[in-house]
Amino acid sequence: MAGLTLYYRGPLSSCNYTCDYCPFAKEWEEPEVLAADRAGLERFVAWASAWDGPELSILFTPWGEALVRSWYREALVALSHLPRVKRVAAQTNLSYALDWLGSADLATLALWTTWHPSQCPRDRFVRQCARLDAMGVRYSVGVVGLREHLPAIEALRAELDPGVQVWVNAYKRVEGYYAAGEVERITAVDPRFPDNRVYPSLGRACLAGETHFTVDGDGTVRRCHFIDAPLGNLYEGALDAMLARRPCTNAVCRCHIGYVHMPELGLYDVYGAGLMERIVEGP
Ligand code: SF4
Ligand code: SF4
């Protein structure tokens, strides 16, 4: 993938849902935290508007749900119209009215949606997806692979348009979680499910920190969400001076948004132009 990819995550950590596998369920911030989140995002959009370097592919990876906040919807629309932004996408639970997407450049904007079965009836989620289809929005649909949700995951796959990418995140908190036959059932829904592993990464090549980086609400640049050491600040230094080839310093990489940047796995070739929104598209 040519250009730079980056993940933005501001201080916002609230969500309108209460998934029991998530620490951000129904958490609400103080107004001053929300104001700081909004200011940080507006500064980031201003930075991207002035950017004249390599094309950017941006994914919003909030702790909670960002698109219930107007400033994130406005940011996505604004970024989608920028000439140096090749793709802007966001991880989202799709729990809101979708009309605002009509203002975006839908050749650039995409959504990484996740269905949370305990929070949203399947028929409501499928109706939201049908609206995205009608509007021409690019999106993937994911779900956490809890065993008790397997029949619902299969039903979801059957009810969505066959062209919609459905992915399943492996439940990794319990070792040996899946019983015989369950991995095969999930793989029938998501052929890339076997990629969901914990990869040894210490000393191995990773594009995080070279052509990929993360930005937080203060502009702190890091190579990825899993290594705390800052590389610099987006608003205070030259990005060129922060980005360089470096081996991974963590023992393992356990999350799709991390290990997808390890060249040895070849996942850039698998996802191609759909890398940010997790759509298998090839080179
Ligand atoms: S929708 Fe996402 S952020 Fe919100 S509670 Fe569920 S897992 Fe957490
Ligand atoms: S392998 Fe994972 S933890 Fe290591 S640098 Fe890459 S994204 Fe970060």
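1. A polar contact is a pair of N or O atoms within 3.5 Å; within protein, one must be able to donate a hydrogen and the other to accept it, and residues adjacent in sequence count only if both atoms are side-chain atoms. The side chains of Gln 119 and Ser 118 make such a contact (3.0 Å).

2. This is a predicted model, in which local features need pLDDT of at least 70, side-chain atom pairs count only at pLDDT 80 or more, and totals for chains, interfaces and linings use all residues. Residues are numbered from 1 along each chain as its sequence is written, and side-chain values use heavy atoms, with hydrogens and water left out.

3. Gln 119 sits in the loop between strand S4 (109-114) and helix H3 (122-135); helices (H or I, at least four residues) and strands (E, at least two) are DSSP runs, numbered from the N terminus. Not counting residues up to four places away in sequence, Gln 119 touches Tyr 17, Thr 18, Cys 19 and Arg 124 (contact: heavy atoms within 4.5 Å).

4. The axes of H4 (residues 150-159) and H5 (residues 182-189) come within 10 Å and cross at roughly 20°. H4 and H5 are therefore roughly parallel to each other (angles under 35 degrees). On the H4 side, Leu 150, Pro 151, Ile 153, Glu 154 and Arg 157 meet Glu 182, Arg 185, Ile 186 and Val 189 of H5. By class, the residues of this contact are five nonpolar, no polar and four charged.

5. Residues surrounding ligand 2 include Cys 206, Cys 224, Cys 248, Cys 253 and Arg 223 (a heavy atom within 4 Å). The shell has seven nonpolar, three polar and one charged residues.

Conventions
Chains are lettered from A and ligands numbered from 1 in the order in which they are written. Axes are lines fitted to C-alpha atoms, for helices over the stretch in contact, and angles run from 0 to 180 degrees between N-to-C directions. Angles under 35 degrees count as roughly parallel, over 145 as roughly antiparallel, 65 to 115 as roughly perpendicular and the rest as oblique. Ala, Val, Leu, Ile, Met, Phe, Trp, Tyr, Cys and Pro count as nonpolar, Asp, Glu, Lys and Arg as charged, and the others, Gly among them, as polar.
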